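Opening the notebook on a new chain today. I want the overall layout, then the pockets, then a few side chains.

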Amino acid sequence: MTAIEEVEKSQLKDLPDFGPGDQLRVQVKVIEGGRERLQAFQGTVLKRSGKGLGQRVTIRRVSHAVGVERGFLLHSPRVEKIEVLRRGRVRRAKLYYLRNRQGRGARIREKRRT
């Protein structure tokens with residue numbers, strides 16, 4: 001292993017198992033002035049991409065009838081905690097079609113537990 005791989009391996013976080021269609025709540029550290037606080041962003045996973053330290057996730061939620069998408073680096077020190085709230089049953093890896101849907105059409109069925 002090279003020195004770069006060893007440093008990267010030490011910085012990897014232990015992440016929950018999730019994928020497109022799942023509902024997540026991501027706690028992010030936000031610095032305002034000199035103070036630091038946690039801000040939660042909750043929504044549906046549209047895509048997950050990358051590998052290693054460069055793993056990214058895009059989450060979408062609808063706030064006051066406006067769609068908001070936010071991308072996160074999963075192993076970033078700014079990301080404090082990731083919670084899986086609900087598992088979604090989807091047949092695609094990228095859920096970009098949700099951008100054009102509203103209300104009931106944007107609903108994702110829940111994955112059954114067996």
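This is a predicted model: local features need pLDDT of at least 70, side-chain atom pairs count only at pLDDT 80 or more; totals for chains, interfaces and linings use all residues.

**Layout.** I looked up the secondary structure and got 1 helix and 5 strands. Reading from the N terminus, the order is α-β-β-β-β-β. I also boxed the C-alpha atoms along the principal axes, and they fill roughly 50 × 40 × 25 Å. Then I checked contacts with a separation of 6 or more: 50% of them join residues 24 or more positions apart.

**Largest pocket.** I get about 370 Å³ of space for this one. It has 19 lining residues, and those closest to its centre are Thr 44, Arg 60, Arg 61, Val 62 and Ala 106. Which strands each supply at least two residues of the lining? I found strand 2 (35–49) and strand 3 (56–63) on that list. Sorted by class, the lining holds 5 nonpolar, 8 polar and 6 charged residues.

**Second largest pocket.** The volume here is about 200 Å³. I wrote down the lining: Arg 89, Val 90, Arg 91, Arg 92, Tyr 97, Leu 98, Arg 101, Gly 105, Arg 107, Ile 108 and Arg 109. By class that gives 4 nonpolar, 1 polar and 6 charged residues.

**Rings.** I searched for aromatic pairs and the structure returned 1. I also looked for charges over rings, and Arg 48 turned up: its charged end sits over the ring of Phe 18, 4.2 Å from the ring centre.

**Arg 37.** Is Arg 37 buried, exposed or partly exposed? Its relative accessibility is 36%, so I log Arg 37 as partly exposed, because that class sits between the 20% and 50% cut-offs. Leaving out residues up to four places away in sequence, Arg 37 touches Val 28, Lys 29, Val 30 and Glu 32. I also took the C-alpha to C-alpha distance from Arg 37 to Gln 27: 9.7 Å, for two residues 10 apart in sequence.

How values were computed. Residues are numbered from 1 along each chain as its sequence is written. Side-chain values use heavy atoms; hydrogens and water are left out. Rings of Phe, Tyr and Trp (its six-membered ring) pair if their centres lie within 6.5 Å; planes under 30 degrees apart count as stacked, over 60 as edge-to-face and the rest as tilted. A charge sits over a ring if NZ of Lys or CZ of Arg is within 6 Å of the ring centre and within 35 degrees of the ring normal. On a 1 Å grid over the protein atoms alone, a cavity is a set of points where a 1.4 Å probe fits but cannot get out, and a pocket is an open set with protein on both sides within 12 Å along at least five of seven lines; lining residues have an atom within 4 Å of a point. Grid points are joined across faces, edges and corners, and a volume is the space filled by probe spheres set on the points. Helices (H or I, at least four residues) and strands (E, at least two) are DSSP runs, numbered from the N terminus. Ala, Val, Leu, Ile, Met, Phe, Trp, Tyr, Cys and Pro count as nonpolar, Asp, Glu, Lys and Arg as charged, and the others, Gly among them, as polar. Contact means heavy atoms within 4.5 Å. Buried means under 20% relative accessible area, exposed over 50%, partly exposed in between (1.4 Å probe, protein chains only).
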